[in-house]
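Please open the structure in your viewer and keep the selection panel at hand.

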Amino acid sequence: MERYFQEEIETASVDQIKAMQKEKLIKQVAYVYKNNEYYRKKMQEKGVEPGDIKELEDISKLPFLSKSDLREAYPYGLLSAPLKDCVRIHSTSGTTGRRVVAFYTQHDLDLWEECCARAIVAAGGTAEDVVQVAYGYGLFTGGAGIHGGSHKVGCLTLPMSSGSTERQIQFMRDLNATILACTPSYAAYIGEKLHDMGLTPDDIRLKAGIFGAEPWTEEMRQNIERNLGIKAYDIYGLTEISGPGVAFECSSQTGMHINEDHFLAEIIDPDTGEVLPEGSVGELVFTSLDKEAFPLLRYRTRDLTVIRHEKCSCGRTHIKMKKPMGRSDDMLIIRGVNVFPSQIETVLLKEGYTPNYQIMVDRIDNEDTFDINVELSDEMFVKIHSNGGDDTDEKKNLTAAFKTMLGIRPKVHLLAPKSITRSEGKAVRVVDKRKLHD
């Protein structure tokens with residue numbers, strides 16, 4: 001029998017959902033216009049006022065927000081509630097090192113945690129379960145969101161964070177964890193470590209996993225399910241909108257239900273901004289319908305996907321989105337972390353290197369590899385080789401600079417001058433060998 005965290009909302013009719021969204025959208029636009037000078041100016045530039053928003057379709061009259069707006073308005077420019085009413089921030093890296101900071105009131109946290117609770121219940125979670133949260137904690141939204149959702153459901157929550165894999169498995173066994181929440185690549189690694197320790201899925205009590213924060217394939221899902229003896233569920237979110245729980249998979253696993261009572265989704269042509277009909281492939285755009293502190297209207301996610309209303313065997317009626325099948329910008333997601341080529345260039349120039357580089361990404365044994373090939377200038381190449389050709393110190397310092405900028409550590413390779421192939425067109429900065437999409 002299918003369980004729901006908030007059955008009345010999760011199984012509401014499409015007409016009921018649309019009526020709810022219309023009411024919330026009208027109220028939210030007026031709220032943002034009144035309380036946020038940055039967005040009010042964008043609306044005024046486009047010649048639109050809150051009174052122009054009378055129907056859901058009128059959302060197309062509103063201006064978009066993008067990552068560049070978040071950088072320009074950093075840190076408080078898009079805050080729509082008094083700072084004294086905010087109780088937390090979360091953050092993710094931006095394209096030039098300036099971070100994206102999202103604010104939350106207690107009301108916002110409660111809504112976010114309810115969305116994560118819906119995802120946990122959809123994965124079979126009840127108050128009898130033990131949820132092991134192996135997402136990162138801190139500024140990253142993954143750990144905090146699932147942690148709060150687990151509490152809402154009433155589960156025993158293990159706030160493990162990521163890493164210390166043998167200890168993860170020890171706690172998993174000692175405390176009989178039944179639901180694992182982490183990135184899919186880390187879940188795959190836990191499965192491999194379990195095997196290396198001479199254990200099998202029969203030695204643990206896991207029944208389900210909730211995995212997100214990075215792209216993963218159906219093949220990877222099957223690998224994880226086989227190695228951990230579980231059913232693996234996808235979850236979608238982004239810091240700018242709230243974090244994990246914007247959308248989640250149910251038992252049918254035919255797409256992720258978007259929590260439409262909190263988030264209004266659109267699909268647009270990434271080049272023209274035109275709203276596309278349901279079922280079209282395009283860029284996903286979200287509007288926060290009832291957030292107080294950081295309510296983004298028409299935020300361009302850059303994720304390319306399809307959204308579609310369809311009858312679902314789980315009984316939930318909220319629209320579904322397919323796994324994102326790519327991005328309309330140049331952002332990479334490596335080990336759950338956002339990485340932009342422009343960040344690499346920023347570090348190189350700051351450290352005195354040439355801006356000639358190439359990012360090499362692959363996935364080996366279900367774990368992302370991250371290498372950066374850096375071309376030396378003639379002067380630096382001569383200097384290193386006049387000292388016996390030992391570039392250990394240069395690699396160490398540059399690796400540390402990348403770690404500070406990105407939050408993850410790449411493997412750095414220092415190459416001879418002119419060794420990276422030049423292009424007459426757009427430089428090929430990224431070679432991503434991962435097979436992330438079917």
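Predicted model: local features only at pLDDT ≥ 70, side-chain atom pairs only at ≥ 80, totals over all residues.

Residues are numbered from 1 along each chain as its sequence is written, and side-chain values use heavy atoms, with hydrogens and water left out.

**Two helices.** Select helix H7 (residues 165–174) and helix H8 (residues 184–196), whose axes come within 10 Å and cross at roughly 80°. H7 and H8 are therefore roughly perpendicular to each other (the word covers angles of 65 to 115 degrees). Now show the side chains that make the contact (heavy atoms within 4.5 Å): Thr165, Glu166, Gln168, Ile169 and Met172 of H7 meet Tyr186, Tyr189, Ile190, Lys193 and Leu194 of H8.

**A loop residue.** Move on to methionine 197, in the loop between H8 and strand E6 (208–211). Methionine 197 is partly exposed, with a relative accessible area of 35% (the class lies between buried, under 20%, and exposed, over 50%, with a 1.4 Å probe and protein chains only). Leaving aside residues up to four places away in sequence, methionine 197 touches Glu166 and Ile169.

**A pocket.** Next select Lys18, Leu264, Ala265, Glu266 and Val275, which lie nearest the centre of the second largest pocket among its 18 lining residues. On a 1 Å grid over the protein atoms alone, a pocket is an open set of points with protein on both sides within 12 Å along at least five of seven lines, and lining residues have an atom within 4 Å of a point. The volume of this second largest pocket is about 420 Å³, and strand E10 gives the most to its lining, with four residues.

**Two cavities.** A cavity, on that grid, is a set of points where a 1.4 Å probe fits but cannot get out. For the largest cavity, with a volume of about 70 Å³, select Asp108, Leu111, Trp112, Cys115, Ser242, His262, Phe263, Asp290 and Lys291, which line it. Helix H5 (residues 106–122) provides the largest share of this lining, four residues. For the second largest cavity, which holds about 40 Å³ of space, select the lining residues Leu70, Ala73, Tyr74, Pro75, Arg99, Val100, Val101 and Phe294. Helix H4 (67–73) and strand E2 (100–105) each supply at least two residues of that lining.

Methods:
Points joined across faces, edges and corners; volume = space filled by probe spheres on them. Axes fitted to C-alpha atoms, helices over the stretch in contact; angles between N-to-C directions. Parallel < 35°, antiparallel > 145°, perpendicular 65-115°, else oblique.
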